[in-house]
Amino acid sequence: MAARALEARRSAIREVFDAANRIPDAIRLEIGEPSFRTPAHVVEAAFRAAADGFTRYTPNGGIRSLREALAQKIERVDGYAVDPDEVVVTPGAMNALFSIYLALLEPGDEVLLPTPGFPNMDEMVRLLGGEPVFYRLEGSSGYLPSRELVEPLVTSRTKAMFVNTPGNPTGAVFPAATVHALAELASERGFWLVADEVYDELILDDLEHHSAAALVPEAPVVSVYSFSKVYAMTGWRLGYCTAPGGLADVLRKLQEPEVSCPSAVSQKAAEAALLGPRDEFDAMRDAYRRRRNRAVAEAARLGVPVFRTQGTFYMLVDVSASGLTPREFTLRLLDEQHVAVAPGEVFGPGGDGLVRISLAVDEDVIAVGLARIASAIERFAA
């Protein structure tokens, strides 16, 4: 087998996921899986499409009616106008990111990646011949990047910079000034800004989402979105991206040898999610907000340091007082306390001392999980 495949590292989150599956009473805080079912009107739209025979191949980059609906959503939510031909529908946001890096990277090209940051990015870049270069996000600065932090890392080999707001795992929502500065840097220094905005409609505080493509229209930006988290559609495997015309054409071309096209019935489900009632989606966001508030209050009561997430349904927990590495802490926590969390190492070198918990479970379950984490920190330290 190819060396690049054998050398690829499996996600530690998936390792914890598999181990937790063997513990029937485990509290599952490790994976970003919405606790809600896909709303009935979305499922019914897919059922009708299948019953009507809409089960054939579609265009590589998605059906036009969906891309038109996405262009309307992008203008309404993300604040910029885009032609439907600049929208590429993909089998999940991960496929969009893979295609983007495949289109952009030559061997040895560098990609600036945040840490703690979205897992799988560094492995994806390596698989495609690129070199990950990490820029560190600090909790003391709200896990926000800055031009002053990033610009010294830019070299003649820098091809792209990955940014993520609202952020996974931090939950940080970038203010307009931060996004504007990074987009300007990309424009001035001639590299692509890959903007992961899959949580654009899951902001929990009274904050606005700011898209780089809206703030600096002339910047070389490709923006990535997903139906998985906002619409509770993880298993439908549907994402999308927006890119300038030339890049969009290449991304559609790459879909053919990669996956051929997105699922036909999933695209009809996505149309229903975009065009149908929003009550259930708003209720999901409100539930995540209540869970976040409960989690922050419980952590404060227990004396466990956390970063108060502003968006997404994740929260970072500082377990450094345990004296263990995040991975060691995670494995012992699962074995002894039956609580599954995501170890900080999976988020890059900036994840030292941290674990991530998911708020996509009942708030009482979160409270019990945090109590066990607090107990474990004290016990392991002793």
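Okay, let's start with the lining of the largest pocket: by class it has 10 nonpolar, 8 polar and 6 charged residues. For the classes, Ala, Val, Leu, Ile, Met, Phe, Trp, Tyr, Cys and Pro count as nonpolar, Asp, Glu, Lys and Arg as charged, and the others, Gly among them, as polar.

Quick caveat: this is a predicted model, where local features need pLDDT of at least 70 and side-chain atom pairs count only at pLDDT 80 or more, while totals for chains, interfaces and linings use all residues. Residues are numbered from 1 along each chain as its sequence is written, and side-chain values use heavy atoms, with hydrogens and water left out.

Back to that pocket. A pocket here is an open set of points on a 1 Å grid over the protein atoms alone, where a 1.4 Å probe fits, with protein on both sides within 12 Å along at least five of seven lines; lining residues have an atom within 4 Å of a point. The largest one holds about 610 Å³ of space, the volume being what probe spheres set on the points fill, with points joined across faces, edges and corners. It has 24 lining residues, and Gly32, Met94, Phe118, Asn120 and Lys229 are the closest to its centre. Helix α5 gives the most to this lining, with 3 residues; helices are DSSP runs of H or I, at least four residues, numbered from the N terminus.

The second largest pocket comes in at about 460 Å³.

Now the inside. The largest nonpolar core has 109 residues, and Leu66, Tyr101, Met161, Phe227, Phe329, Ile357 and Ile373 touch the most other members. By core I mean buried Ala, Val, Leu, Ile, Met, Phe, Trp, Tyr and Cys residues joined through side-chain atoms within 4.5 Å, with buried meaning under 20% relative accessible area (1.4 Å probe, protein chains only). Helix α14 (residues 363-381) gives the most to this core, with 7 residues. Apart from it lies another core, of 7 residues, including Val16 and Ala340.

Methods: Buried < 20%, exposed > 50% of the residue type's maximum accessible area, 1.4 Å probe, protein only. Helix = DSSP H or I, 4+ residues; strand = E, 2+ residues; numbered from the N terminus.
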